[in-house]
Amino acid sequence: MNRSTAIGVGSVMALVVLSGYAVTAQAWKLLVVSWAAFGSMALAAPFGARARTEHAEGLVWGYGLASGAMVTSAAVFLVPQAINHHPKFGGFGIAFGILAGFTSHTVGHRFAHMDLPVDRTVTELSAHALSAGAIIGIVYGNIDVGVGLGLAIVSHKGPAGYAAARRLSSRNQSSVPLLLPAAGLGIAAIISSAVSLPATGAFRGIVFGFASGVFLHVAMDFLPRCEIGSEIHDLLSVEDEHAHAILDRLRLHAAGSTIVGGGGVFAAWLLLG
């Protein structure tokens, strides 16, 4: 067992131990979200590792449904919370969250030039999972929100795990290290749920606005981009002149999938409300 594999297995053990704490704290919603995030990535990774044919259309729909659901959920369930606490500070928090998400994603490219015990792809996904998990934990630890919000937020974990495993497999690397980002969200979420925020409206507006902004950035980052040089394009084993025609068709799927993802959240809200 190499270091990256050991880290992946160890992270699962850590999630199991922390889940015991969540049970004692009766944090059932957070527990469901944490294990849903783990399960979606852990179950999707083997399919990506075994993929030997083009699955660009499936990946477009996976990313599109997830990002559409995330945008809608953040806009409906988090943004109003931030604005209700404090209109101006909530707005600043949303802006700072979007900018912080972009900054962390951009600076995260530096991982490519560092000697780390795990693959760069795994490292970037892990950093994203830990930061998102910390925010999810704070949200669930301080306001009463339904489990649907968390499930929509982590819905991207499946297609992300599939794509990452396929990338690792193409380099003859094991997908087992993906257990780290799969479990990382739950680990950070359960730990951060113990943080109790001050009751002041301005402070909570900033915090929940920041959470909204980060999740909106993540959602937009996962929007399926059907462009030359994109991850979707990399799945196409065709010449560029033929890829243009295929990408044009996939753009329709990208638009449709995001609308269906957002519409699904709206429909669920109507039914459950």
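1. His85 is partly exposed, because its relative accessible area of 26% falls between the 20% limit for buried and the 50% limit for exposed. Do keep in mind as you read that this is a predicted model. The residue belongs to helix H3. Once its neighbours within four places in sequence are left aside, His85 is in contact with Gly201, Arg204, Gly205 and Phe208. A further pairing to look at is His85 with Thr200: 115 residues separate them in sequence, while their C-alpha atoms are 8.2 Å apart in space.

2. Next, have a look at how two of the helices pack. Helix H2 (residues 28-50) and helix H7 (residues 157-170) meet at an angle of about 35 degrees, and their axes are 7 Å apart. The crossing of H2 past H7 is right-handed.

3. Which residues in H2 and H7 meet? On the H2 side they are Ala37, Ser40, Met41, Ala44, Ala45, Phe47, Gly48 and Ala49. Their counterparts in H7 are Lys157, Gly158, Ala160, Gly161, Tyr162, Ala165, Arg166 and Ser169. Sorted by class, the contact of H2 with H7 has nine nonpolar, five polar and two charged residues.

4. Staying with Phe47, you will find Arg50 over the face of its ring, at 5.4 Å from the ring centre.

5. How many aromatic pairs are there? The count comes to four. One of them is formed by Trp35 and Phe38, an edge-to-face pair with 5.3 Å centre to centre and 75 degrees between the planes. Both residues lie in helix H2, three residues apart, which is about one turn of the helix. Trp35 is partly exposed, with a relative accessible area of 32%, whereas Phe38 is buried, at 13%.

6. Tyr63 lies in helix H3 (residues 56-85), while Phe222 is in the loop between helix H9 (201-221) and helix H10 (231-234), so the pair ties together parts that are 159 residues apart in sequence. Are these two residues, Tyr63 and Phe222, buried or exposed? Both are buried.

Methods:
Residues numbered from 1 in each chain as written. Predicted model: local features only at pLDDT ≥ 70, side-chain atom pairs only at ≥ 80, totals over all residues. Heavy atoms only, no water. Axes fitted to C-alpha atoms, helices over the stretch in contact; angles between N-to-C directions. Helix = DSSP H or I, 4+ residues; strand = E, 2+ residues; numbered from the N terminus. Left-handed = near helix turned anticlockwise from the far one by under 90°. Contact = heavy atoms within 4.5 Å. Nonpolar A, V, L, I, M, F, W, Y, C, P; charged D, E, K, R; others polar. Phe/Tyr/Trp six-rings, centres within 6.5 Å; stacked < 30°, edge-to-face > 60°. Buried < 20%, exposed > 50% of the residue type's maximum accessible area, 1.4 Å probe, protein only. Lys NZ or Arg CZ within 6 Å of the ring centre and 35° of its normal.
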